[in-house]
Amino acid sequence: MTPCEGFIRRYAEFGRNPGAESYVRLFDPEGTVLHPGMTTPIGTDRIPAFAARAFVNLRYYRLEPVRWAGRGNPVFVEVRNSATVAGTRISWPVLYCAELRGERVLRGRAYYDRAAILLHWAPAELADRSPDAHSRVLETVRTCSERESEPASAAALEEFASAYVEHWKRPDPARFPLFYHRDGQLINPELPHPLGRDEMAPYYAQMMTQIPGLRCVLQDWATGGRFLFFEWSVTGSVGGK
């Protein structure tokens, strides 16, 4: 069993029986984690208190790894989360990126839409919020690993990754559909439904109008089977800043 496979096994075990102590055991003694809303990563001296607070607010929390990829460092995991928040059962997706030391997390980063959770403490704010497409899609996805996937050639993945990263240096809305299969779909936070190829160019054109100078700069990536994960640093102007 590789360190990546060992981590996924441990992560899935935690998800079936979550708790502050079992969460802390996922980390190397020198490990850190960064969640949305945090200004800086927190280390193992603060992780226990963070986890304890989370599990008080997220009742009956469960986590299920759905898709993952990584042959060394980092490992990326797409996760299906569920919990009871303010009396309502909710689910939300998380993409987790982890640099490992052995089977434990040395540097962890979690990416998700915080509003999908926080708004349930303010029901009035939910009135105009559309259902999250990513959560609905994940509900229908069979849990699988990179080894269960139909493999793609390493050369094809490298070629696609290189071209896609280069495109984001000078993004052209009209070219985004070229990176998708004819039946491909795009899902971004807050989209009420997945976008098909014919919807992608107008979507990106509107986004680039709303966020002048929008660029995605590659931070890391990993592949496995037919899955390809990217971690980006995104820049642009919002509200003149």
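## A tour of the predicted chain

Among contacts (heavy atoms within 4.5 Å) in the chain between residues at least 6 apart in sequence, 57% join residues at least 24 apart. This is a predicted model, in which local features need pLDDT of at least 70 and side-chain atom pairs count only at pLDDT 80 or more, while totals for chains, interfaces and linings use all residues. Residues are numbered from 1 along each chain as its sequence is written, and side-chain values use heavy atoms, with hydrogens and water left out.

**Whole chain.** Colour by secondary structure: the chain has seven helices and eight strands. Both are DSSP runs numbered from the N terminus, helices being H or I with at least four residues and strands E with at least two. Of the 241 residues in the chain, 44% are buried. Here buried means under 20% relative accessible area, exposed means over 50%, and partly exposed lies in between (1.4 Å probe, protein chains only).

**Helix 3.** Select residues 47–57, which form helix 3; its buried residues are Ile47, Phe50 and Ala51. They cover an arc of only 95° around the axis, so they sit on the same side of helix 3. The arc is taken from the directions that run from the helix axis to the C-beta atoms. On the face turned away from the buried side, helix 3 carries the exposed residues Arg53 and Val56. Now show what covers the buried residues of helix 3: the cover includes helix 2 (20–24), strand 1 (27–34) and strand 2 (42–43).

**Strand 3, at Tyr60.** Go to strand 3 (residues 59–69) and pick Tyr60. Tyr60 is exposed, at 58% relative accessibility. Its phi is near 55°, a positive value in a residue other than glycine. Most residues other than glycine have a negative phi.

Strand 4 covers residues 75–85 and contains Glu78. Glu78 counts as buried, at 10% relative accessibility. Which side chain does Glu78 meet in a polar contact? The partner is Arg67, and the contact is 2.6 Å. A polar contact is a pair of N or O atoms within 3.5 Å; within protein, one must be able to donate a hydrogen and the other to accept it, and residues adjacent in sequence count only if both atoms are side-chain atoms.

Asn81 lies in strand 4 as well and is buried at 3% relative accessibility. Its side chain makes a polar contact of 2.4 Å with the side chain of Tyr61. Leaving out residues up to four places away in sequence, Asn81 touches Tyr61, Arg62, Leu63, Ile90, Ser91, Trp92, Pro93 and Val94.

**Helix 6.** Select residues 154–167. Helix 6 has 14 residues and reaches 20 Å from its first C-alpha to its last, close to the 20 Å expected at 1.5 Å a residue. The expected span is 1.5 Å times one less than the number of residues. The buried residues of helix 6 are Leu157, Ala161, Tyr164, Val165 and His167. Seen down the axis, they fall within an arc of 155°, so they line one face of helix 6. Ala155 and Glu159 are exposed residues on the face turned away from the buried side. Among the elements that cover the buried residues of helix 6 are helix 7 (197–210), strand 7 (215–224) and strand 8 (227–235).

**The aromatic rings.** Show the rings of Phe, Tyr and Trp (its six-membered ring), which pair if their centres lie within 6.5 Å; planes under 30 degrees apart count as stacked, over 60 as edge-to-face and the rest as tilted. The count comes to 21 aromatic pairs. Take Trp168 and Trp232: their ring centres are 6.4 Å apart and their planes at 55°, so the pair is tilted. This pair links distant parts of the chain, with Trp168 in the loop between helix 6 and helix 7 and Trp232 in strand 8, 64 residues apart. Trp168 is buried, at a relative accessible area of 4%, whereas Trp232 counts as partly exposed at 21%.

**Last stop, Phe176.** Phe176 is found in the loop between helix 6 and helix 7 and is buried, with a relative accessible area of 0%. Not counting residues up to four places away in sequence, Phe176 touches Tyr164, His167, Trp168, Pro171 and Tyr204. The C-alpha atoms of Phe176 and Tyr164 are separated by 8.8 Å, with the two residues 12 apart along the chain.
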